[in-house]
Amino acid sequence: MLATATIHKLPVLPYGLNALEPQISEETMQYHYGKHHQTYVDNLNKLIPGTKFENASLEEIIASASGPIFNNAAQVWNHTFFFFTLSPNPKPVPTGALSEAINRDFGSFDKFKEEFTKTAAGLFGSGWSWLVKDKRGKLNIIAESNAGNPLREGLKPLMTVDVWEHSYYIDYRNRRADYLKAIWSRIDWRIIEERFR
Ligand code: MN
């Protein structure tokens, strides 16, 4: 029997490429989702045949791969997670158990946003800012360089913001702070509440 590698696919987004305007333009989505995200998927599919990751899930690859296979698999996962955190009709603030956990661990939702933005703005070079939950249920904000993913450290990702320049350069040029300010109004806390459960 011929061994056939799993073919990873670009996920279909639950909204149109212009649906996040004006905070994220259709042109940004054409490049960010249509080209960058697609390229990570294509690269991964080229890299895994003949390796032990042929039939592994993305999460399994992220847990133990290194080098280009890790980088492309994590970038596929991170972008899918990021794009599915955004919505044309987001729930603007968390409620219930997640809201209580945010208040407990950061003081208030505003303080959480402030700290998250500071972490994302201060990340040197390319990477991702994450809200994560540890094994004991405590929330934390962490920065990961390049394709970094908190699953590697046994943390549960709840939300992320992409701070690679390709995520904001078309709309905001070099002004990462303006992008970080605008993106809050596209983050859907309904989705993050689901992940928190
Ligand atoms: Mn990106």
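This is a predicted model: local features need pLDDT of at least 70, side-chain atom pairs count only at pLDDT 80 or more; totals for chains, interfaces and linings use all residues.
Arg-173 sits in the loop between helix H6 (169–172) and helix H7 (176–183), and its phi is positive, about 50°, although it is not a glycine.

**Backbone features to look at**
- With a relative accessible area of 47%, Arg-173 is partly exposed.
- Asn-146 also has a positive phi, near 55°, in a residue other than glycine.
- You will find Asn-146 in the loop between strand S2 (139–145) and S3, where it counts as partly exposed at 43% relative accessibility.
- The peptide bond from Glu-21 to Pro-22 is cis, with omega near 0°.
- Pro-22 belongs to the segment before helix H1 (26–47).
- As background, most residues other than glycine have a negative phi, and most peptide bonds are trans.

**The manganese site**
- Four residues supply the protein donors of the manganese ion: His-32 (NE2), His-79 (NE2), Asp-162 (OD) and His-166 (NE2), at 1.9 to 2.1 Å from it.
- Along the sequence, the spacing of these donor residues reads H-x46-H-x82-D-x3-H.
- His-79 lies in helix H3 and Asp-162 in strand S3 (residues 156–162), so this pair ties together parts that are 83 residues apart in sequence.
- His-79 and Asp-162 are both buried.

**The nonpolar core**
- The largest nonpolar core holds 61 residues, and Phe-112, Met-159, Val-161 and Trp-189 have the most contacts inside it.
- Helix H3 (residues 67–83) gives the largest share of this core, nine residues.
- Setting aside neighbours within four places in sequence, Trp-189 is in contact with residues including Lys-91, Pro-92, Leu-98, Ile-102, Phe-109, Phe-112, Leu-131, Met-159 and Trp-184.
- In general, nonpolar side chains tend to be buried together in soluble globular proteins.

**Where helices H4 and H5 cross**
- The axes of helix H4 (residues 96–106) and helix H5 (residues 109–122) come within 8 Å and cross at roughly 65°.
- That angle makes H4 roughly perpendicular to H5, and the crossing is left-handed.
- On the H4 side, the contact is made by Ile-102, Asn-103 and Phe-106.
- On the H5 side, Phe-109, Lys-111, Phe-112 and Glu-115 take part.
- Phe-112 links two of these topics: it is among the residues with the most contacts inside the largest nonpolar core, and Phe-112 also belongs to the contact between H4 and H5.

Note on methods. Residues are numbered from 1 along each chain as its sequence is written. Side-chain values use heavy atoms; hydrogens and water are left out. A nonpolar core is a set of buried Ala, Val, Leu, Ile, Met, Phe, Trp, Tyr and Cys residues joined through side-chain atoms within 4.5 Å. Buried means under 20% relative accessible area, exposed over 50%, partly exposed in between (1.4 Å probe, protein chains only). Helices (H or I, at least four residues) and strands (E, at least two) are DSSP runs, numbered from the N terminus. Contact means heavy atoms within 4.5 Å. Donors are N, O and S atoms within 2.8 Å of the metal (3.2 Å for Na, K and Ca); water is not among the atoms, so sites may look incomplete. Axes are lines fitted to C-alpha atoms, for helices over the stretch in contact, and angles run from 0 to 180 degrees between N-to-C directions. Angles under 35 degrees count as roughly parallel, over 145 as roughly antiparallel, 65 to 115 as roughly perpendicular and the rest as oblique. A crossing is left-handed if the near helix is turned anticlockwise from the far one by less than a right angle, and right-handed if clockwise.
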